[in-house]
Amino acid sequence: MPTLPLVALESTVIAHGLPYPDNVRTALELEAIIRQAGAEPRTCGFIAGEPVAGLTPEQIEHFARGEGVLKASLRDLAVVAARRLDAATTVATTMWVAHRFGIQVFVTGGIGGVHRGMSYDESADLTALATIPVLVVCAGAKAILDLPATRERLETLGVPVIGYGCDEMPAFYTRSSGLPVDARCDTPAEVAALWQAHRRLGLRTGMLVTVPVPAAAALDEALADAAVAEALAAAERAGIRGKALTPFLLDHIARRTGRASLQANLALLANNARVGAAIAVELGNGP
Ligand code: PSU
Ligand code: MN
């Protein structure tokens with residue numbers, strides 16, 4: 001029996017990016033959207049130190065409650081495996097799991113990148129995009145980041161940035177960043193053709209497909225800027241660094257915007273799931 005095209009999903013957004021119970025509801029809804037579009041969702045994570053592509057609803061609930069679930073980026077995987085830990089996968093580690101299981105398409109919200117005012121804090125998501133051939137569908141890099149620096153790094157690393165129905169990279173909560181994409185595509189078939197060309201050439205990097213948040217759910221730009229600035233100042237005051245920084249900032253912004261940022265986050269995830277599934281269907285299971 002032919003298998004359906006697969007779409008990977010991450011679990012850090014469940015365990016550390018969204019509050020309970022929005023997180024579990026969203027995770028299951030994203031899976032449903034992907035199934036409706038004719039593809040098969042595979043939410044990724046580590047269970048007792050083993051990489052899993054296709055967490056069960058019970059495991060997703062466990063991740064959503066976050067009890068004893070680490071946030072695992074690439075540098076954490078050896079510890080997670082050797083100590084048989086449960087761990088949520090970031091964009092970087094979901095790419096790694098997806099590639100290991102032969103999944104070409106991965107849908108997420110926003111990738112990590114270069115943090116503002118701290119160019120030495122650069123997400124391993126960029127390293128993964130530079131070294132793992134998986135197509136990542138997202139709404140741009142998170143607005144909490146230094147977007148121009150992140151854009152430059154993607155170029156240096158040789159990662160093609162595609163605008164899905166847009167000429168500028170979206171800025172996660174808002175539809176535009178003023179930063180150009182490398183190519184615009186308006187259909188899943190166009191994206192599939194670029195990805196197939198990328199693979200035929202033997203290129204080993206990932207590819208980023210950026211999809212703007214739906215207009216109705218986009219955050220007001222001034223509100224987004226103010227919330228991000230306040231969150232960054234609060235993190236500085238509290239001395240938050242390293243892997244705790246992204247979850248801290250996202251939580252602060254959600255509270256500051258009275259859930260508007262949360263609504264934008266949920267809407268863009270659902271939209272990305274639709275786009276990613278359509279691309280996966282276009283690609284089928286071929287190489
Ligand atoms: N985007 C969101 N919520 C999240 C993340 C991204 O809307 O929780 C997560 C992703 O898993 C991403 C990670 O890979 O944050 C980046 O964290 P860091 O900057 O520590 O690498
Ligand atoms: Mn970091």
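**Entry 1**

I began with isoleucine 111, which touches Val91, Asp125, Leu126, Leu129, Val136, Cys138, Gly140, Ala141, Lys142, Leu145 and Leu208 when residues up to four places away in sequence are not counted; contact here means heavy atoms within 4.5 Å. I note at once that this is a predicted model, in which local features need pLDDT of at least 70 and side-chain atom pairs count only at pLDDT 80 or more, while totals for chains, interfaces and linings use all residues. Residues are numbered from 1 along each chain as its sequence is written, chains are lettered from A and ligands numbered from 1 in the order in which they are written, and side-chain values use heavy atoms, with hydrogens and water left out.

I then looked up the largest nonpolar core and found 98 residues in it, with Met95, Ile111, Leu129, Val137, Leu208, Val209 and Ile279 having the most contacts inside it. Such a core is a set of buried Ala, Val, Leu, Ile, Met, Phe, Trp, Tyr and Cys residues joined through side-chain atoms within 4.5 Å, where buried means under 20% relative accessible area, exposed over 50% and partly exposed in between, with a 1.4 Å probe and protein chains only. Helix H11 (residues 260-283) contributes the largest share of this core, twelve residues; helices (H or I, at least four residues) and strands (E, at least two) are DSSP runs numbered from the N terminus.

**Entry 1: pockets**

On a 1 Å grid over the protein atoms alone, a cavity is a set of points where a 1.4 Å probe fits but cannot get out, and a pocket is an open set with protein on both sides within 12 Å along at least five of seven lines, lining residues having an atom within 4 Å of a point. Grid points are joined across faces, edges and corners, and a volume is the space filled by probe spheres set on the points.

The largest pocket has a volume of about 520 Å³, and of the 30 residues that line it, Lys71, Thr90, Ser123, Lys142 and Thr246 are the closest to its centre. H1 gives the most to this lining, with four residues, and I counted seven nonpolar, 15 polar and eight charged residues in the lining of the largest pocket. In this scheme Ala, Val, Leu, Ile, Met, Phe, Trp, Tyr, Cys and Pro count as nonpolar, Asp, Glu, Lys and Arg as charged, and the others, Gly among them, as polar.

The second largest pocket holds about 180 Å³ of space, and of its 14 lining residues the closest to the centre are Pro19, Leu250, Asp251, Ala254 and Leu262. H1, H10 and H11 are the elements that give two or more residues to this lining, and H10 supplies the largest share, five residues.

**Entry 2: the cavity**

By the grid rule I found one cavity of 30 Å³ or more. About 100 Å³ of space lies in the largest cavity, and of the 14 residues that line it, Glu10, Val13, Ile14, Ala27 and Leu30 are the closest to its centre. Helix H1 (12-17) and helix H2 (22-36) each supply at least two residues of this lining, with H2 giving the most, four residues.

**Entry 3: backbone details**

Arginine 84, in the loop between helix H4 (77-82) and strand E5 (87-89), has phi near 55° and counts as exposed at 57% relative accessibility. Phenylalanine 172, in the loop between strand E10 (161-164) and strand E11 (183-185), has phi near 70° and counts as buried at 3% relative accessibility.
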